[in-house]
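Visitor: I am new here, and I keep wondering where the labels come from. Could you take me through a few of them?
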Amino acid sequence: METVIVLDFGGQYNQLIARRVRECNVYCEVKPYTMSIAELRAINPKGIIFTGGPNSVYDEASPHCDKEIFELGIPILGICYGSQLMAYTLGGRVETAPVSEYGHTEVTVDKHDTIFENVADKTVCWMSHTDYISQAPEGFEVTAHTPVCPVAAMANPEKKLYAIQFHPEVMHTKEGAKMLGNFVHKVCGCGGDWRMDSFVETTIRELREKIGDGRVLCALSGGVDSSVAAVLLSKAVGKQLTCVFVDHGLLRKNEGDEVEAVFGPNGPYELNFIRVNAQQRYYDKLKGVTEPEEKRKIIGAEFIRIFEEEAKKIGTVDFLVQGTIYPDVIESGLGQSAVIKSHHNVGGLPDVVDFKEIIEPLRMLFKDEVRKAGLELGIPEKLVFRQPFPGPGLGIRIIGEVTEEKVHIVQEADYIYREEIAKAGLDKGLGQYFAALTNMRSVGVMGDFRTYDYAIALRAVETSDFMTAEAAELPWEVIKKVTNRIVNEVKGVNRVLYDCTGKPPGTVEFE
Ligand code: XMP
């Protein structure tokens, strides 16, 4: 398979570079810069991309590369720090720029070489650097500059070495995708026939080889990531896979049954499915607990306890599957214990041993790529486009003590909210939306009677990374309809509030 390797020198956008390459239909993976030349040779990539990074090449502690890499005959594109590293290693000069360039910068293309083929003479790029290349190494030609940066891009076409100071992978670089496309197709000569179905096929084959006749255990939450991971595994090893689905009683309305319908014995997949109905166990544990982090810890700890209990019943388990998306795969040798990372689906998990190795088949994918893989695998759209849902579930969408009654209230309100959002055609455009149960009770009047009931808070945010978010400006008609339905249909609620807070200062969730 034609592969491009992104060598990670510590920049923020490494996964984004890999993703942009995959968008060119070329398979791409991020590897640490410490990867040896022998390992690189074994992969035999069609091209290598050096990422940016926060360091200066002159710091001794900063990541460097073996000069031999430039002699392999494999095309290399250096980006930002990666470009400086290329220049520095090959005898050019790197210096602190007189003024740092951040953000939108007009770059003048001096030579329309392969990288700049079909790119405008002046093109807006995204810069973020304090050092720059002041002199290109011998054999290189300067192909672009800015008023501040004498070498915004340089090239040695004979050796297939290219370097650009700006970030082609971010959206703000208007023609960045074109430049990366030029690199992978025209410099590296990749055909561009990789598709998400190739990912699915290759991954299934690799999983089969790796697992052999071993036993695999997967914690299924019903969320997109763990569902896609589970289906991949079931296609790879069928009944060697057991999925444990813990219904902690803090799921959205009907969710437990929906997950069972897809993955249970009547569903389309061949796997062992265990649903643990632990609702009461959770309600008992959460009784009287009001502090959010304590709730998270209890929910997480109970989850792993149940999971371990089920694993013991199965007997030996060789591999544990996690639906983690794009952090590193945890390596652990045979016979050694692995540590579960803070599970992305369940907050505050304690460390646990007992498995030989953890498999994370989605580790290099972004959320929307996971969704594409999910569709490719034939997982129902409803599940594939499910809203992000925190591991502790409704436990952290009920302010204060969690009780069965409160869970029921928030489930019903949230169901109505989601239904109306979908009816209004807003469901795919919003970052995240849900109903939460405030701990506030207030006086109302219904049918000539005084009520003293709970207030439901509606939340909807626009966000792309969940690190920052803005309250969504939902159409008033939708809010009005949801409000009417909730106060009329959900017993125990007499008031509906809309949360207008962004993040910061708020968070997406209430707790
Ligand atoms: P916050 O509330 O931190 O949410 O702004 C950002 C994103 O993370 C999700 N979230 C969690 N996910 N366990 C999870 O698995 C948690 O404890 C947790 N808390 C928040 C939240 O739903 C949003 O998508």
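This is a predicted model: local features need pLDDT of at least 70, side-chain atom pairs count only at pLDDT 80 or more; totals for chains, interfaces and linings use all residues.

Visitor: What is the strand order of the open sheet?
Guide: The five strands run β12-β11-β10-β13-β14, with parallel pairing.

Visitor: Why are β12 and β14 said to stand at the edges?
Guide: β12 (272-277) and β14 (357-359) each have a single partner strand, so one side of each has no neighbour in the sheet. From one strand to the next, the twist averages 25 degrees.

Visitor: What makes you say that helix α5 packs on the sheet?
Guide: Contact requires heavy atoms within 4.5 Å, and α5 (residues 196-211) touches β10, β13 (319-321) and β14. The direction of α5 makes about 170 degrees with that of β14. Another helix, α9 (residues 292-314), lies across β10, β11, β12 and β13, at about 150 degrees to β10.

Visitor: Which residues of α10 are called buried, and what covers them?
Guide: Buried means under 20% relative accessible area. In α10 (residues 367-376), Glu369, Val370, Arg371, Ala373 and Gly374 are buried. Their cover includes α1 (14-23), α5, α6 (224-237) and α11 (381-384).

Visitor: What comes just after α10?
Guide: There, Gly378 takes a positive phi of about 80 degrees.

Terms used. Residues are numbered from 1 along each chain as its sequence is written. Side-chain values use heavy atoms; hydrogens and water are left out. Two strands pair if DSSP finds at least two bridges between them. Helices (H or I, at least four residues) and strands (E, at least two) are DSSP runs, numbered from the N terminus. Axes are lines fitted to C-alpha atoms, for helices over the stretch in contact, and angles run from 0 to 180 degrees between N-to-C directions. Buried means under 20% relative accessible area, exposed over 50%, partly exposed in between (1.4 Å probe, protein chains only).
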